[in-house]
Amino acid sequence: QVQLVESGGGLVQPGGSLRLSCAASGSIFLINVMGWYRQVPGKQRELVAVITRGGTTTYADVAKGRFTISRDSAKNTVYLQLNSLKPEDTAVYYCNAELRGGLMYWGQGTQVTVSS
């Protein structure tokens with residue numbers, strides 16, 4: 001079992017920044033990949049960025065050049081720095097952990113709203 005708790009969402013003006021955090025607990029030694037996804041009503045959840053146990057990062061096109069995924073292994077926490085935010089970035093952002101064998105866990109989600 002893995003528990004994921006997100007924080008850091010909120011309301012921000014276009015062009016602003018936010019940092020999302022995801023704290024993992026439980027069987028964290030089984031985690032191979034952690035990442036961030038987002039979802040808007042009526043659409044499928046989409047990948048934003050992931051980071052592997054080895055530190056390799058992968059970004060969706062919407063995130064490249066604006067968002068940065070990072071981790072603090074000592075705190076078992078993954079971060080998503082959101083810069084140059086646009087109204088179309090408005091979504092619920094979910095933290096995800098993929099374990100050995102492919103089992104996946106999700107956090108409860110944190111709302112990011114970009115609006116003037």
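1. Buried, in this note, means under 20% relative accessible area. Leu 80 comes in at 0% relative accessibility, so Leu 80 counts as buried. That makes Leu 80 a handy place to start. One thing to keep in mind as you read: this is a predicted model.

2. Let's stay with Leu 80 for a moment. You'll find Leu 80 in strand S8. Which residues does Leu 80 contact, leaving aside its neighbours within four places in sequence? The list is Leu 18, Arg 19, Leu 20, Trp 36, Val 48, Ala 49, Phe 67, Thr 68, Ile 69 and Tyr 93. Val 50 is worth a look too: Leu 80 and Val 50 are 30 residues apart along the chain, and their C-alpha atoms are separated by 9.6 Å.

3. Now step back to the overall build. Along the principal axes, the C-alpha atoms fill a box of roughly 40 × 25 × 25 Å.

4. Of the 116 residues, 41% count as buried. If you take the contacts with a separation of 6 or more, 52% of them come from residues 24 or more positions apart.

5. Back inside, then. The largest nonpolar core has 28 residues, and Leu 80 is among those with the most contacts inside it, along with Leu 4, Met 34, Trp 36, Leu 82 and Tyr 93. Two or more residues each come from strand S1 (2-7), S3, S4, strand S5 (46-52), S7, S8, S9 and strand S11 (110-114). Which strand gives the most to this core? That is S9, with 5 residues.

6. Not counting residues up to four places away in sequence, Leu 4 touches Cys 22, Ala 23, Ala 24, Met 34, Cys 95, Asn 96, Ala 97, Tyr 105, Trp 106, Gly 107 and Gln 108. Several of those names come up again below.

7. A search of the whole structure finds 1 disulfide. Cys 22 and Cys 95 form it, with their sulfur atoms 2.0 Å apart. The pair links distant parts of the chain, Cys 22 being in strand S3 (residues 18-26) and Cys 95 in strand S9, 73 residues apart. The angle about the S-S bond is -80°, and the link is left-handed. Are these two cysteines buried or exposed? Cys 22 is buried, and so is Cys 95.

8. On to the rings. The count comes to 2 aromatic pairs. Tyr 37 is buried at 18% relative accessibility, while Trp 106, at 35%, counts as partly exposed.

9. Trp 106 also pairs with Tyr 94: their ring centres are 6.5 Å apart and their planes at 90°, so this pair is edge-to-face. Here too distant parts of the chain are linked, with Tyr 94 in strand S9 (residues 91-99) and Trp 106 in strand S10, 12 residues apart. Tyr 94 is buried, with a relative accessible area of 14%. Put together, Tyr 37, Tyr 94 and Trp 106 form one aromatic cluster.

10. Two arginines sit over rings. The charged end of Arg 45 is over the ring of Trp 106, 4.6 Å from its centre. The charged end of Arg 19 is over the ring of Tyr 79, 4.2 Å from its centre.

11. Finally, some backbone angles to check. Most residues other than glycine have a negative phi. Asn 76 has a positive value, near 55°, and lies in the loop between strand S7 (67-72) and strand S8 (77-82). Ser 84 also has a positive phi, about 50°, and is found in the loop between S8 and S9. Asn 76 is partly exposed at 31% relative accessibility, and Ser 84 is partly exposed with a relative accessible area of 42%.

Notes: Residues numbered from 1 in each chain as written. Predicted model: local features only at pLDDT ≥ 70, side-chain atom pairs only at ≥ 80, totals over all residues. Heavy atoms only, no water. Phe/Tyr/Trp six-rings, centres within 6.5 Å; stacked < 30°, edge-to-face > 60°. Buried < 20%, exposed > 50% of the residue type's maximum accessible area, 1.4 Å probe, protein only. Helix = DSSP H or I, 4+ residues; strand = E, 2+ residues; numbered from the N terminus. Lys NZ or Arg CZ within 6 Å of the ring centre and 35° of its normal. Disulfide = S-S within 2.5 Å. Core = buried A, V, L, I, M, F, W, Y, C linked by side-chain atoms within 4.5 Å. Contact = heavy atoms within 4.5 Å.
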